Amino acid sequence: MLNKLKPSANTYLYPMPQTSAEIYTDGSCHTQQRIGTWVAIVFLGTAKEVLSGTVQHTTHNRMELIAVIKGIQYVLAHYDSGTLICVYTDSQYVTSLPARKEKIVLQNFTTQKGNALQNAVLVKIFFELLSARSIAFIKIRAHQQQDDTINYNREADILCRKLLRRAVGRRLPGYS
């Protein structure tokens with residue numbers, strides 16, 4: 001079932017075990033209300049599990065990162081250590097983190113100006129997960145149009161936006 005997507009410059013491949021899990025993720029945030037949602041669609045073979053959540057006082061990047069973390073944590077909890085994890089995401093932020101890991105760790109999770117790195121706690125969790133298993137990150141184009149091919153990132157995007165509209169609607173009656 002692995003996608004036929006071509007790896008981008010931000011694709012990081014680690015040693016490939018026998019079995020693989022695919023995770024399709026998306027995160028979204030209503031920036032004015034600071035409500036966010038995330039979705040991770042996890043596949044192992046034909047088994048499909050949809051994970052999702054809503055977070056208050058958040059940002060778009062946090063939602064993208066949480067979606068990936070939750071998906072990876074699910075695979076770690078449910079599948080053996082020989083499972084390769086392929087994460088498909090439209091988040092440039094997430095796919096650039098592995099390449100920046102060494103620099104971020106050397107700077108003790110602070111910026112060049114000495115400020116705390118945004119999402120430092122989540123970035124630390126993300127880096128710990130990278131050490132736990134073989135993981136490939138595949139950067140895909142965001143908000144793809146519907147066509148005849150099955151596209152689980154599009155499904156994650158649609159579900160994420162639906163959850164966000166629902167969450168904001170509870171806070172702002174009449175919002176849709």
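The following questions and answers concern a predicted model of a protein.

Visitor: In what order do the secondary structure elements of the protein run from the N terminus on?
Guide: The secondary structure comes to 4 helices and 5 strands. From the N terminus on, these elements follow the order β-β-β-α-β-α-α-β-α.

Visitor: What percentage of the contacts with a separation of 6 or more is accounted for by residues 24 or more positions apart?
Guide: The protein has 176 residues, of which 45% count as buried. Among contacts in the protein with a separation of 6 or more, the share of residues 24 or more positions apart is 68%.

Visitor: How much of the accessible surface belongs to carbon and sulfur atoms?
Guide: The accessible surface of the protein comes to about 9,700 Å². The part that belongs to carbon and sulfur atoms is 51%.

Visitor: Which residue meets Glu-155 in a salt bridge?
Guide: The structure holds 2 salt bridges. In one of them, the side chain of Glu-155 has its partner at 2.8 Å, N to O. This pair links distant parts of the chain, 107 residues apart, with Glu-155 in helix H4 and its partner in strand E3 (residues 47-56). The partner is Lys-48.

Visitor: Is Lys-48 buried, partly exposed or exposed?
Guide: Buried requires under 20% relative accessible area and exposed requires over 50%. Lys-48 has a relative accessible area of 40%, so Lys-48 is partly exposed.

Visitor: How far apart are the closest N and O atoms of Asp-157 and Arg-161?
Guide: Both residues lie in helix H4, 4 residues apart, about one turn of the helix. Asp-157 forms a salt bridge with Arg-161, and the closest N and O atoms are separated by 2.6 Å.

Visitor: Why does Asp-157 count as buried, whereas Arg-161 counts as partly exposed?
Guide: The cut-off for a buried residue is under 20% relative accessible area, and partly exposed residues lie between this value and 50%. Arg-161 is at 32% relative accessibility and therefore counts as partly exposed. Asp-157 is buried because its relative accessible area is 4%.

Visitor: What is the relative accessibility of Glu-155?
Guide: Glu-155 lies in helix H4. Glu-155 counts as partly exposed, and its relative accessibility is 29%.

Conventions:
Residues numbered from 1 in each chain as written. Predicted model: local features only at pLDDT ≥ 70, side-chain atom pairs only at ≥ 80, totals over all residues. Heavy atoms only, no water. Helix = DSSP H or I, 4+ residues; strand = E, 2+ residues; numbered from the N terminus. Buried < 20%, exposed > 50% of the residue type's maximum accessible area, 1.4 Å probe, protein only. Contact = heavy atoms within 4.5 Å. Areas by Shrake-Rupley, 256 points an atom, 1.4 Å probe, with all protein chains shown as cover. Salt bridge = Lys/Arg side-chain N within 4 Å of Asp/Glu carboxyl O.
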